[in-house]
Amino acid sequence: MKVLWFSNTPSRYYSQGSGKGYNGGGWISSLEALVRTKVELGIVFLTASADDAPRRVQGVQYYPVFDPTDNRKARTKKLFFGHNAADKYLVNKYLGVVREFKPDVIQVFGSEHSFGLVAEHTDVPVVLHVQGIVKPYYDVYLPFCSWPKYILCGGGGFSAALQRFYTRSRWRHAVRREARILDLVQNYLCRTDWDREMTLAANPKARILHGGEVLRPVFYEAEPWKVKPHEATPVFVTTISEPPYKGMDLVLKAGANLKEMGVEFVWKVYGNVNPRFFEKITGITCEQAGVTLCGVADAETLARELNACTAYVHPSYIDNSPNSVCEAQMLGVPVIAAAVGGVPSLIENGKTGFLFTPGSSASLATNMALLKIMPPEDLEALSVTTRSVALQRHDRDAIVNELLATFASLCS
């Protein structure tokens, strides 16, 4: 069977690891490593380099599609004349790959890019692996201020303001394009109650299938988390990225709340976030909040830090099934996360983690402080249950077998 993936990351094209660049590709490259021996696999991804050429990597045929509209001049043009011409150009490139590879099934990862538009132009069955729904993400992209304020007051001068204006334009176009994609595609791989509900709301005729996610290998292999001594200073870990809906403002406000409560703690924040805008909006610096920015970390570092922490904190205002939460759960780490999107499908409050009131730094800080007085035997029971549920949810053999069965059903 020949399967063509449209991936929002380069997976293993650039290396034997999780792909080139920051934050992404980990779970897709992990799935690729398991699937490539079961089917004849091709992978399409977008690249900003015209030098990237089709080639085989460990038996997988890669098709980098150069996007000539991913530069400052072209972005300015799209800002004033729209994004449809760029989409049309890219879809023609995708269809050229489809004609060359001749797949039996097309699997599209995510509805946020133009990949799903190929469904309008091919008879090959297309299944869309839902990674999140753009519309609700856009609705809370700026949870604490307006777009005009973000664009004008975000700092960085005129060039940075223009980039933020372009970001708004790109997201608004992605919302409209996603509505079209969700109408075109009939088969969907979902994994939470939220993404099923959102998909069916957009396309009541959608065929909903289950599709799990394979995590990065280190989180299957690492030692399980152990309860930390009560007298030890609590250590919290968060991984985060730049978009405001990821909740960096809540990190600063919750850290300040904990300090006001007299709680001693260490809070390590990993990721590519720039704190200046969030410090300006909240009036709280990282130092005042007791937050240490640790930069981007690889999987091995994150697994080590998670095993050494008291809890993992996920402050996002919206998410479907964040891999960072799932990776922490695989180790049995207690997770404190906002009850948003698909997160309640991952966490049963008090049994496999803790849910706080979305957008409430006071609720987040209270949940963090309560871990200090929670009986060790209760934390141990929560950890064991969390790890057991996560191991079953992310069982690699079960996920691959389910995916292969989906491919077979689509072909028939």
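In strand E14, Phe356 is the bridge partner of Ala338. The model behind this is a predicted one, with local features taken at pLDDT of at least 70, side-chain atom pairs counted only at pLDDT 80 or more, and totals for chains, interfaces and linings using all residues. Residues are numbered from 1 along each chain as its sequence is written, and side-chain values use heavy atoms, with hydrogens and water left out.

The Ala338 pairing belongs with the three bridges that join strand E13 (residues 335-338) to E14 in the parallel sense. Strands here are DSSP runs of E with at least two residues, helices are runs of H or I with at least four, and both are numbered from the N terminus; two strands pair if DSSP finds at least two bridges between them. E13 and E14 sit at one end of an open, six-stranded sheet, ordered E11-E10-E9-E12-E13-E14 and paired in parallel. Its edges are E11 (291-295) and E14 (354-356), each of which pairs on one side only. On average, neighbouring strands of this sheet are turned by 25° against each other, direction ignored. Axes are lines fitted to C-alpha atoms, for helices over the stretch in contact, and angles run from 0 to 180 degrees between N-to-C directions.

Helix H9 (residues 248-260) packs on this sheet and touches E9 (235-240), E10 (266-271), E11 and E14, its direction making about 170° with that of E10. Contact, here and below, means heavy atoms within 4.5 Å. Helix H15 (residues 361-370) lies across E9, E10, E12 (311-314), E13 and E14, and runs at about 155° to E14.

Then there is the other sheet. This one is open too, with eight strands in the order E3-E4-E2-E1-E5-E6-E7-E8 and mixed pairing. E3 (55-57) and E8 (207-210) are the edge strands, each pairing on one side only. Neighbouring strands of this sheet are again turned by 25° against each other on average, direction ignored. Within it, E6 and strand E7 (residues 187-190) run parallel and are joined by three bridges, and Leu128 stands opposite Tyr188 in E7. Helix H17 lies across E1 (2-6), E5, E6, E7 and E8, at about 130° to E5.

H17 (residues 396-411) also meets helix H1 (residues 26-35): their axes come within 10 Å and cross at roughly 75°. That makes H1 roughly perpendicular to H17, a label used for 65 to 115 degrees, with angles under 35 called roughly parallel, over 145 roughly antiparallel, and the rest oblique. Leu31, Leu34 and Val35 of H1 make the contact with Arg396, Ile399, Val400 and Leu403 of H17. Six of these residues are nonpolar, none is polar and one is charged (Ala, Val, Leu, Ile, Met, Phe, Trp, Tyr, Cys and Pro count as nonpolar, Asp, Glu, Lys and Arg as charged, and the others, Gly among them, as polar).

For helices H13 (residues 323-331) and H16 (residues 376-393), the axes come within 7 Å and cross at roughly 120°, which makes H13 oblique to H16. The contact involves Cys326, Gln329, Met330 and Leu331 of H13 and Thr386, Arg387, Ala390, Leu391 and Arg393 of H16. By class, that gives five nonpolar, two polar and two charged residues.

As for charge pairs, the count comes to nine salt bridges, each a side-chain nitrogen of Lys or Arg within 4 Å of a carboxyl oxygen of Asp or Glu. One joins Glu120 and Arg180 at 2.4 Å, N to O. The two residues are 60 apart and link distant parts of the chain, with Glu120 in the loop between E5 (105-109) and E6 (126-129) and Arg180 in helix H6 (residues 157-184).
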